[in-house]
Amino acid sequence: MGPYPGGMTTSPEATDLVDQDAGRTKRVLLAKPRGYCAGVDRAVVTVEKALETYGPPIYVRKEIVHNRHVVDTLSERGVIFVDETDEVPEGALVVFSAHGVSPAVHAEAARRNLRTIDATCPLVTKVHKEVNRFAREDYDILLIGHEGHEEVEGTAGEAPDRVQLVDKPEDVDKVQVRDPSRVVWLSQTTLSVDETMERVDQLKKRFPDLQAPPSDDICYATSNRQQAVKAMAPECDLVIVVGSQNSSNSKRLVEVALQAGAGDAHLVDYASQIDEQWLEGVTTVGVTSGASVPDVLVMQVLDHLAERGWNHVDEVTTANEKVTFALPRELRKDLDDNPTKPRSVR
Ligand code: SF4
């Protein structure tokens, strides 16, 4: 029926709105909000501006954001991604990713005389500050999050002696605290809202005085994207989530879609990964994307679906986001002296 979001229009001759087998209208429901959040946008622009201002090579510790396309595109432009700061030559420039780093990583970078730009999302930094505050007040901190995720490693690293990770339901029984009246739960920013509350309920049964974070740790972008997918999932035979396998918030969108009633749901990096079998017998396809996904990849999925008859696109809007974050202060001063506009990975 209508134009694609972003001004693209369907071609009438290609339109095949009726699935001949089912006699029903083929359509796409497109979630909004989806894709880039303010923290990812800031982190990607940070690397782009660093490239323009200082020239390649720019080192980035870990993937700047968890998206294959973004990482590949920046690599082609002279960014070298490393796992640890000891892979960065002495004195070189390294950017810390949106997921944040522990104080130990900052200390190691300083010891090796690295120039650093910290692209940690301010909403991750907020959780780091909460850890510090509750550790100072001598609380035991139960951090709900996924074991091995970079954000969790950075956050727990703020007070390793005070933080215990709670990932799976069975972890709740393993927690040991010194004083059950001084326990607080905090969380990774990109979890499933519903699953996190299940874990909190479990913890409360063991620790009735359990304190909650001063404000939500699961960020606005994560919860908004889950809300949007929840709204459309019951109407979808299939939900396609654009995002990478190592992206926590993207994987959660697949789970949320299935829990909210989608017939099927899959995560893909690119449209080419859509299996033709997923589309068999399908009338309504939901499309969304994780917070680290450039919208160009979503548009490619819409093109792919349109070529197969799904060219009626309705956007399902559950929130309008207006959040933006200033660039890291290390960059701001240099940019004032060298105001150039980089190309953007979008
Ligand atoms: S998902 Fe949330 S916490 Fe992570 S970068 Fe985006 S806004 Fe920040």
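Guide: Let's start with helix α4, which gives the largest share of the lining of the second largest pocket, 5 residues. Helices here are DSSP runs of H or I with at least four residues, strands are E runs with at least two, and both are numbered from the N terminus. Keep in mind that this is a predicted model, where local features need pLDDT of at least 70 and side-chain atom pairs 80 or more, while totals for chains, interfaces and linings use all residues. Residues are numbered from 1 along each chain, and side-chain values use heavy atoms, with hydrogens and water left out.

Back to our pocket: α4 covers residues 122-136, and β7 (115-118) and α11 (329-337) join it in giving at least two residues each to the lining. The lining has 16 residues, and H106, D118, T120, T125 and R329 lie nearest the centre of the pocket. (A pocket is an open set of 1 Å grid points with protein on both sides within 12 Å along at least five of seven lines; in a cavity, a 1.4 Å probe fits but cannot get out; lining means an atom within 4 Å of a point.) The pocket's volume, the space filled by probe spheres set on the points, is about 340 Å³. Sort its lining by class and you get 3 nonpolar, 7 polar and 6 charged residues. (Asp, Glu, Lys and Arg are charged, Ala, Val, Leu, Ile, Met, Phe, Trp, Tyr, Cys and Pro nonpolar, the others polar.)

Now follow α4 to another space. The structure holds 1 cavity of 30 Å³ or more, and the largest cavity has about 260 Å³ of space. Its lining takes in 23 residues, with C37, V40, H99, T189 and T190 nearest the centre. Here α4 turns up again, alongside α1 (38-54), α8 and α9, as an element giving two or more residues to the lining. This time α8 gives the most, with 3 residues. The cavity lining splits into 11 nonpolar, 11 polar and 1 charged.

Two of those helices also meet each other. α8 (220-232) and α9 (248-259) pack at about 30°, their axes 9 Å apart. Touching there (heavy atoms within 4.5 Å) are T222, R225, Q226, V229 and K230 from α8, plus N249, R252, L253, V256 and A257 from α9. That contact has 4 nonpolar, 3 polar and 3 charged residues.

Key: Axes are lines fitted to C-alpha atoms, for helices over the stretch in contact, and angles run from 0 to 180 degrees between N-to-C directions.
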